[in-house]
Amino acid sequence: MKSKVYIETFGCQMNVADTERAATGLRKAGYEMTSSATTADVVLFNTCSVRERAERKVLRRIGEVRKLSSPTTHKRPLIGVMGCVAQLEGQSIFDKTPAVDLIIGTQATDRIPSLIERVQGGEAGVIDLDERQEGEVWDVSPAERRSPYVAFVPIIEGCNKFCSFCIVPYSRGREKSRGAREIVNEVLRLRSLGYKEVHLIGQNVNSYRPRSMEGLEDYPGATPFSRLLRAVANTRMDRIKFTTSFPRDFHPDIVSALEEYPNLCDWVHLPAQSGSDRILKSMRRGHNSEDYLKRVEGIKNSKRRLALTSDIIVGFPGETAEDFAATMRLVEKCEYDALYIFKYSKRAGTPAARLDDAVSEDEKTTRFMALEELQTSVQGKLYNAYIGRKVSVLVERESARSSEDMAGHSTCHKVVNFKANQTRPGDIVEVLITEGKPNSLYGELIS
Ligand code: SAM
């Protein structure tokens, strides 16, 4: 009998998608997937290395799992580390954490079954940091997807941008785009299975550049990504979202595509990282605040009202009070629908890790809180402006606050709660907004 495997996932949507792909391969190879470490013979940690905190959390979890006992062998479960930490730290994980039996790099997802077999066969120090092999395709069974209504569809892996703070180009390698035909076929299959929403995902989706234009011949556009958006929209999937967009590659034709196809959702996530040109240069973002604001203007001036969200890093090395004031001004100007604020975390091996002039932890916290306060007030006004408007909501679950309410996301990617009235997860409903809360909207069902 094959073992039971549990995968614990940290970090971004790409890791969630990798876990789904790994589980599909494992089940095909005869393994059983289980939803808890306590019932598993094999525990895999799919790790994130973007910030130090995520890395520390994994080490703590490995310590806890070491003490468990596998239901089959009555010994501790076999422990594997996959994802970004595995790729970056490789062999050294065995030295630092002797409980780890297996190290699986970010591109070894499809080889996990045979790697586990090697460990179970008695081989020590099993590690695979190699690239994806020719012919390996993104194959995820619906049974392994996190939701039966919303599916993540990776369109590009890796990153070529080398922003000075970011570990991703080292942990996930160079950008590699999936063929358009493969993506469109996956979306068509998801639609036939009853999925209502897909998220086209990648570190920088709008840098999409497949080897050939096969599958895009009938779709015009200024960039391969805007052509892909039109091709995916043509599948008639109900709702299509995409994240993350890289500012330098954000072509106005993306906004045109959103105006042409109502099933392309009215939401753009465009990380600014900072409002200071000096810091943006040191971050090697390839855009300054003027370039960024030009993109934002294009989004805000669209015929369709498009929601805009962003990421900001506070306390990058050398960030002065003046630089931070420029970030505050940018955030005020952009009126983001939501903002993800991060305190700068030094990542060994990145160019920024060699910069002097660190901002103290206290100062990072002060700046974080000031920015959060500003965003809360901007967001409050913006959310209140939804009162009296109708939004389309994909019902996902019972609301966390009340069993009489349901919750879901709008097309503009806001959490919306509303009186349940016999709606079920998977329904797409119209909701009239009656109240704006700090991070969500509340309303009444219309249809
Ligand atoms: N590729 C996207 C971009 O840069 O436009 C974002 C991908 S990254 C995984 C998600 C977010 O994590 C970034 O936008 C950034 O705000 C944050 N991040 C990345 N490296 C960081 C670091 N060293 N310290 C703090 N935040 C970081």
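## Helix α8 over the sheet

Helix α8 (residues 224–233) lies across β10 and β11, and runs at about 155° to β11. Angles here run from 0 to 180 degrees between N-to-C directions, with axes as lines fitted to C-alpha atoms, for helices over the stretch in contact. Helices (H or I, at least four residues) and strands (E, at least two) are DSSP runs numbered from the N terminus.

This is a predicted model, where local features need pLDDT of at least 70, side-chain atom pairs count only at pLDDT 80 or more, and totals for chains, interfaces and linings use all residues. Residues are numbered from 1 along each chain as its sequence is written, and side-chain values use heavy atoms, leaving out hydrogens and water.

## The open sheet

Let's turn to the strands. An open sheet is formed by 3 strands in the order β7-β10-β11, with parallel pairing (two strands pair if DSSP finds at least two bridges between them). Because β7 (150–154) and β11 (239–243) each have a single partner strand, one side of each is left without a neighbour in the sheet. From one strand to the next, the twist averages 25°.

Between β7 and β10 (residues 197–201) there are 5 bridges in the parallel sense; Pro154 has Ile201 of β10 as its bridge partner.

## Glu186 in helix α7

Glu186 sits in helix α7 (residues 180–192) and is buried, at a relative accessible area of 2% (buried means under 20%, with a 1.4 Å probe and protein chains only). The residues that Glu186 touches include Phe152 and Val153, not counting residues up to four places away in sequence (contact means heavy atoms within 4.5 Å).

Terms used
Buried means under 20% relative accessible area, exposed over 50%, partly exposed in between (1.4 Å probe, protein chains only).
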